[in-house]
Amino acid sequence: PIEIEGRRIEPTCSGAPGSDSAFRFWARRGASPNLVVFFDGGGACWDDVTCAIPRLAGHLREGDGLYKAELLPGDNPNAMSGIFNLRNPRNPVRDWSFVFVPYCTGDVHSGSNTARYVDPDDGKTYTIEHRGADNFAAILEWIRANFNAPERMLVAGSSAGAYGAATHYASSRKRFSAKTRP
């Protein structure tokens with residue numbers, strides 16, 4: 001748990017039935033004074049039907065689930081390609097520091113509430129922690145405490161993470177505005 005502006009925040013995943021609510025993120029310190037903040041994707045949910053179909057580690061067939069409800073084995077950026085391939089000499093950010101923001105809340109990294117839904121199949125009530133904004137607030141505090149103000153910052157994301165990047169770009173920039181260039 002962390003206190004931010006008088007508010008207690010405890011990072012968590014969705015808490016969907018059958019899921020692991022443990023939340024963690026990945027960070028790597030690079031040689032350059034620059035920072036990449038990358039928001040992972042993974043679908044979304046917003047009502048009784050869509051939130052009743054989570055993607056879980058125990059059910060990883062392609063197409064299972066409408067949103068990532070917990071951290072999945074494939075969420076490790078060390079196993080990803082593209083900007084995460086730090087051995088590729090053509091990668092323009094290979095020497096930058098990285099913070100990888102995983103996705104497991106069904107809210108496109110933008111939620112800050114607990115929602116109750118009713119499973120349309122069995123009529124049982126269940127709860128989803130839509131805490132993506134809270135999770136990133138805690139990560140941003142960690143970044144502030146662990147990285148000097150970067151000279152440049154790239155805030156990016158894929159799929160639902162693109163919404164997270166757009167949502168949190170301004171707060172990320174503001175946090176480091178004195179030294180960060182666009």
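Predicted model: local features only at pLDDT ≥ 70, side-chain atom pairs only at ≥ 80, totals over all residues.
Leaving aside its neighbours within four places in sequence, glutamate 141 is in contact with Ile2, Ile4 and Arg175. Is glutamate 141 buried or exposed? It counts as buried, because its relative accessibility is 15% and the cut-off for buried is under 20%.

Now widen the selection to residues 132-146. That's helix H2, and glutamate 141 has its place in it. Keep H2 coloured; we'll come back to it.

Next stop, the sheet. Which strands form it, and in what order? Colour four strands and read across: E3-E7-E4-E10, an open sheet with mixed pairing. At the edges sit strand E3 (26-28) and strand E10 (153-157), each pairing on one side only. On average, neighbouring strands here are turned by 10° against each other, direction ignored.

Zoom in on strand E4 (residues 35-39) beside E10. These two pair in the parallel sense, over five bridges.

Last, select residues 160-175, which are helix H3. What does H3 touch on the sheet? It packs against E4 and E10, and its direction makes about 150° with that of E10. While you're there, click Arg175: that residue is one of the contacts of glutamate 141, where the tour began.

Conventions: Residues numbered from 1 in each chain as written. Heavy atoms only, no water. Buried < 20%, exposed > 50% of the residue type's maximum accessible area, 1.4 Å probe, protein only. Contact = heavy atoms within 4.5 Å. Pairing = 2+ DSSP bridges. Axes fitted to C-alpha atoms, helices over the stretch in contact; angles between N-to-C directions.
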